[in-house]
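Please keep the sequence and the coordinates at hand while reading.

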There are 2 protein chains.
Amino acid sequence: MELYERFRAGDIRALARAITLAESGHPLGQELLKRLRGHGQARVVGLTGSPGAGKSTLTDRLIEKARQRGERVAVLAVDPSSPFTGGAILGDRIRMMRHHQDPGVFIRSLASRGALGGLAGATVAALALLEAFGFERIFVETVGVGQSEVDIVRVADTTVLVLTPAAGDAVQAFKAGVMEIADVFVVNKFDLPGGERIVQELKTTLELAPARPGGWKPPVLTAVAPKAEGVDELFEAMDKHYRHILEQGLLNSQRLERARFEVESVIQEWGRRRTREGQGLIEQVAYGGLTPEEAAQQLLFSKG
Amino acid sequence: MELYERFRAGDIRALARAITLAESGHPLGQELLKRLRGHGQARVVGLTGSPGAGKSTLTDRLIEKARQRGERVAVLAVDPSSPFTGGAILGDRIRMMRHHQDPGVFIRSLASRGALGGLAGATVAALALLEAFGFERIFVETVGVGQSEVDIVRVADTTVLVLTPAAGDAVQAFKAGVMEIADVFVVNKFDLPGGERIVQELKTTLELAPARPGGWKPPVLTAVAPKAEGVDELFEAMDKHYRHILEQGLLNSQRLERARFEVESVIQEWGRRRTREGQGLIEQVAYGGLTPEEAAQQLLFSKG
């Protein structure tokens with residue numbers, strides 16, 4: 001398999017091609033993944049937070065830090081946009097990143113094409129490929145704070161929630177359930193009014209939160225990304241969390257969680273496709289005679 | 001079945017109980033749904049938009065309008081929050097609604113308990129029950145703008161996207177793919193600076209957008225909900241869209257879409273459960289030897 005050989009030889013275009021194949025569900029991509037999965041191990045950091053929280057600028061600074069340490073770094077920008085509008089916005093954002101020309105940095109966006117489970121699966125597949133290619137640190141940056149972002153963050157070893165002093169930011173994160181899963185909190189744009197207040201609110205809330213695996217206490221940090229303020233502290237907190245999960249033997253359960261998520265995504269995608277095909281059964285659900293469970297049963301198991 | 005009889009007799013506590021049973025996936029709830037589905041028909045309006053866009057205040061005003069017309073109104077507030085933080089926030093919001101004591105108004109929140117597909121299925125089930133109970137208008141209000149909110153909005157006949165002049169609001173909606181599915185746009189808090197600019201941006205974008213089913217042209221409206229400004233126009237636009245889908249014969253496809261969504265949700269939920277049970281297969285995905293597709297195949301079809 002020529003693509004496999006090129007991938008193993010470190011050809012970056014083979015990596016890009018492999019991700020595209022995996023993203024589109026192409027059998028060649030699946031075959032490649034099967035051979036490459038489990039090779040390599042990166043520190044996977046998920047960054048999530050409201051649009052406008054400055055995640056991209058912060059990621060840019062974190063890439064800089066990782067490069068100074070000699071790490072090979074990849075960024076997956078996960079954007080559940082439609083093809084209609086999303087591409088341009090994301091493209092602009094990527095061009096803004098200064099590291100785009102650095103061969104030790106690989107930046108890639110993944111956008112759902114209307115697939116229900118497709119984006120999550122594509123993210124996990126891309127992670128496996130990036131690890132196999134030899135990247136040592138992977139940032140997964142999501143756009144927005146919603147259930148799908150929370151789901152995507154499940155694939156990360158360490159999750160950073162980026163907030164700002166803007167009113168509503170923390171409430172939005174609460175509502176989306178990100179508060180419970182973030183390992184590190186950072187109030188970016190800390191030079192804006194209200195920064196100290198939100199830090200205190202976060203600390204109070206975290207004191208009331210259930211205990212984390214292994215007794216991890218999520219720190220609340222502050223940053224001003226354009227001035228690089230707080231970036232060293234954030235980087236150190238990320239690595240401290242990674243050491244924590246290693247020491248507590250939690251890395252294995254993180255990897256299993258990622259695989260579980262991937263399998264779930266596949267089943268979800270099947271469900272989506274089969275309900276498109278089973279028009280007659282769907283009509284019986286809509287107008288009576290069949291429960292959704294009965295229809296699902298027939299759709300899945302009569303075609304096995 | 002006593003609950004069924006009480007439900008048919010119009011006992012509001014039977015309705016509340018039925019929704020709880022359906023939400024939890026209880027067999028009794030499924031049985032009830034099977035008997036009641038397809039009874040009644042409501043105008044289902046989905047309201048989505050960023051947190052802080054004023055959706056609840058706007059909904060409150062729309063309830064008022066519908067009540068003036070003598071309609072029985074239900075509100076489903078769909079909040080993908082965790083039990084840890086979500087309940088209180090949502091509870092506060094509901095208490096703020098003035099119609100909570102009006103017997104012609106039924107307000108109910110649905111919150112996911114960490115289920116991937118559970119919330120969507122619960123929403124559709126609750127809709128069917130509310131329709132069977134005789135509600136003529138149902139507002140489905142979602143919190144946040146993300147993929148899961150977009151999915152939930154698929155169950156509505158008419159979708160209203162609530163934006164504000166705040167920077168980033170429109171971009172966030174773009175990214176989440178809501179622009180393509182909203183039937184009516186309303187710029188709330190239009191008395192804030194920047195309102196006219198966002199209205200123009202929206203109009204320009206919509207001119208470039210693909211044609212909608214039946215040639216519908218989504219209007220861009222403005223509102224100041226606390227002063228009830230623009231509410232009459234919004235209500236009229238909602239009803240105009242509903243007449244449009246009736247005249248174009250699109251109502252049937254909307255109902256099929258809703259049923260399809262419900263069946264998809266069931267399959268997704270199965271996927272979630274079975275991947276929790278199939279630890280050995282998941283390990284083989286995580287550490288090589290099995291593709292996610294192969295694991296999914298075995299999880300679903302070896303247990304049929």
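A salt bridge is taken here as a side-chain nitrogen of Lys or Arg within 4 Å of a carboxyl oxygen of Asp or Glu. The model is predicted, so local features need pLDDT of at least 70 and side-chain atom pairs count only at pLDDT 80 or more, while totals for chains, interfaces and linings use all residues. Residues are numbered from 1 along each chain as its sequence is written, chains are lettered from A and ligands numbered from 1 in the order in which they are written, and side-chain values use heavy atoms, with hydrogens and water left out.

Over all chains, the structure holds 42 salt bridges. One of them joins B:E294 to A:K34, with 2.8 Å between the closest N and O atoms. This pair crosses between chains, running from helix α13 (residues 292–301) of chain B, which holds B:E294, to helix α3 (residues 27–36) of chain A, which holds A:K34. Helices are DSSP runs of H or I with at least four residues, strands are runs of E with at least two, and both are numbered from the N terminus. For exposure, buried means under 20% relative accessible area, exposed means over 50%, and partly exposed lies in between (1.4 Å probe, protein chains only). B:E294 is partly exposed at 28%, and A:K34 is partly exposed at 32%.

Within chain A, the side chains of A:D239 and A:R43 form a salt bridge of 3.0 Å, N to O. The two residues are 196 residues apart and link distant parts of the chain, A:D239 lying in helix α10 (residues 231–247) and A:R43 in strand β1 (residues 43–49) of chain A. A:D239 counts as buried at 3% relative accessibility, whereas A:R43 is partly exposed at 26%.

In chain B, B:K227 and B:D191 meet in a salt bridge of 3.9 Å, N to O. B:K227 sits in the loop between β7 (220–222) and α10 (231–247) of chain B and B:D191 in the loop between β6 and α9 (195–208) of chain B, 36 residues apart. B:K227 is exposed, with a relative accessible area of 55%, and B:D191 is partly exposed at 49%. Salt bridges that share partners also join A:R43, A:R69, A:E71, A:R137 and A:D239 into one network.

Two strands pair if DSSP finds at least two bridges between them. β5(B) pairs in the parallel sense with strand β1 (residues 43–49) of chain B over five bridges, and B:V45 stands opposite B:T158. β5(B) also pairs in the parallel sense with strand β6 (residues 184–187) of chain B, over four bridges; there, B:F185 is the bridge partner of B:L161.

Helix α4 (residues 55–68) of chain B has 14 residues and reaches 20 Å from its first C-alpha to its last, close to the 20 Å expected at 1.5 Å a residue. That expectation is 1.5 Å times one less than the number of residues. Of the 14 residues in α4(B), 10 are buried, among them B:L58, B:L62 and B:I63. Just after α4(B), B:G70 takes a positive phi of about 85 degrees.
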